[in-house]
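The sequence and structure are shown first, and the description follows.

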Amino acid sequence: MRKVQGNDSFQRMNYLYQISKDMADKNPILSAYYGNLIIGVAKKTVLKVHPDIKRQLCKKCRCFLVHNVTANMKIKKKNKSKTVELQCSTCGAKRSFPAKTDKDYRVWVEKPDAVVEVIH
Amino acid sequence: MSSEETFNKGAAEAIVGFLNANVAKSGIPNIESELKKDFVLAKKRSKDRKKRSSKKKVRCLTRAEKKELGFYAIPRHGVQYKDILPLNQIWLQYISDVLELDNSIPDPTMKVWENFTQTLYKADFHGSYLKVIRSKCPSLVDKSGICIMDTKNTFKIVSENNITCTIPKRDCVFEIDLQKFKVTLFGKLLCARPAERSTKKLKGNMRPDL
């Protein structure tokens with residue numbers, strides 16, 4: 001079995017992501033603390049956080065964003081194209097994502113041809 | 001913006017009128033060209049700067065803002081034990097994944113042992129059920145609970161009766177119950193920030209003082 005470089009850090013980030021999601025509705029401050037740790041571990045070990053995880057964290061306080069629990073979701077029109085806006089209820093920061101139906105907004109890591117090999 | 005422009009226009013016309021009235025007749029045709037002169041070293045405001053300032057960037061919270069939101073002070077009765085119980089279940093799954101407990105548990109004499117301790121040191125302790133078995137401070141002995149916060153020198157744990165308390169790492173010895181066996185941790189070796197610990201290397205054969 002081949003080993004992945006930095007596997008224990010990836011596992012740790014995965015675990016922190018899970019508990020951050022779990023604590024989101026009970027204690028948003030602890031959720032932000034774990035979210036902060038995800039970024040901290042990634043910074044220290046020079047690994048990349050998967051964009052899917054990154055998008056679910058508030059950019060300012062790193063709290064986990066769940067609609068109607070820790071964030072408010074709105075659909076807005078910006079320059080004739082629709083965007084989804086999430087406002088964090090802990091710190092009030094806003095994040096917006098483009099949501100055009102006819103355009104592909106995935107980054108390269110998320111596309112199927114980016115996957116070369118799957119190691120279990 | 002528009003009011004400022006109109007004001008400037010009125011002032012400019014007034015100045016031109018004043019010059020036309022007072023300058024000697026020979027100088028009148030030169031007034032327009034003289035007014036349009038640029039001074040090379042004069043302070044000028046560029047238009048780009050105004051555009052830049054209008055852009056707002058999301059910044060991380062500062063320490064003062066974090067303190068205001070209550071990131072550092074977790075109240076004594078603020079966290080319920082039953083809320084964080086699922087955390088412990090996820091943690092047990094995670095730790096058995098990381099240490100590969102399904103295969104075999106290495107002995108201290110085996111070669112794999114060093115690898116095993118290294119991964120345990122790098123693992124995360126949020127959500128583990130900690131019990132203090134020895135300490136310099138007698139009132140801390142036998143305290144147990146689920147760890148919710150891990151700082152450089154302390155663990156914050158929530159016990160079964162919903163009380164959050166802070167335990168210093170340095171002078172305590174902790175015990176973790178993993179279903180198959182028990183692990184004894186010397187808090188002295190864990191004195192590092194949780195994010196930094198994943199890159200730090202543990203020194204081999206450190207002798208704990210009695």
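How many bridges join strand 2 of chain B to strand 3 of chain B? Four bridges join these strands, which run antiparallel; strand 3 spans residues 154-158. Strands and helices here are DSSP runs numbered from the N terminus (E, at least two residues, for strands; H or I, at least four, for helices), and two strands pair if DSSP finds at least two bridges between them.

The model is predicted: local features need pLDDT of at least 70, side-chain atom pairs count only at pLDDT 80 or more, and totals for chains, interfaces and linings use all residues. Residues are numbered from 1 along each chain as its sequence is written, chains are lettered from A and ligands numbered from 1 in the order in which they are written, and side-chain values use heavy atoms, with hydrogens and water left out.

**Strands of chain B**

A hairpin of three residues connects strand 2 of chain B to strand 3 of chain B. On its other pairing, strand 2 of chain B meets strand 1 of chain B in the antiparallel sense. Seven of the seven residues of strand 2 of chain B are buried, so this strand is largely enclosed by the rest of the structure. Buried denotes under 20% relative accessible area, exposed over 50%, and partly exposed the range in between (1.4 Å probe, protein chains only). The two pairings are set out below.

| Strand paired with strand 2 of chain B | Bridges | Residues standing opposite |
|---|---|---|
| Strand 1 of chain B (residues 129-135) | three bridges | Lys131(B) and Ser144(B) |
| Strand 3 of chain B (residues 154-158) | four bridges | Ile146(B) and Val158(B) |

**Interface between the chains**

In the interface, 34 residues of chain B are in contact with 30 residues of chain A, contact being heavy atoms within 4.5 Å. The two chains bury about 2,800 Å² between them, 64% of it on carbon and sulfur atoms; buried area is the accessible area (1.4 Å probe) that two parts lose on being put together, summed over both.

Chain B and chain A share one salt bridge, in which the side chains of Asp124(B) and Arg12(A) meet at 2.7 Å, N to O. The criterion is a side-chain nitrogen of Lys or Arg within 4 Å of a carboxyl oxygen of Asp or Glu.

On the side of chain B that touches chain A, at least two residues come from each of helix 4 (63-69), helix 5 (81-98), helix 6 (113-122) and strand 2 (144-150) of chain B. Helix 5 of chain B gives the most, with nine residues.

Within helix 6 of chain B, the residues Phe116(B), Gln118(B), Thr119(B), Leu120(B) and Tyr121(B) are buried. The buried residues of helix 6 of chain B pack against helix 1 (7-23) of chain A, together with helix 5 and strand 6 (181-186) of chain B.

**Chain A**

Chain A has three helices and three strands, in the order α-α-α-β-β-β from the N terminus. Its C-alpha atoms fill a box of roughly 50 × 35 × 20 Å, taken along the principal axes. Of the 120 residues in chain A, 39% are buried.

Helix 3 (residues 51-55) of chain A includes Lys54(A). Lys54(A) is partly exposed, with a relative accessible area of 48%. Not counting residues up to four places away in sequence, Lys54(A) touches Val49(A) and Arg95(A). The C-alpha atoms of Lys54(A) and Tyr34(A), 20 residues apart along the chain, are separated by 13 Å.
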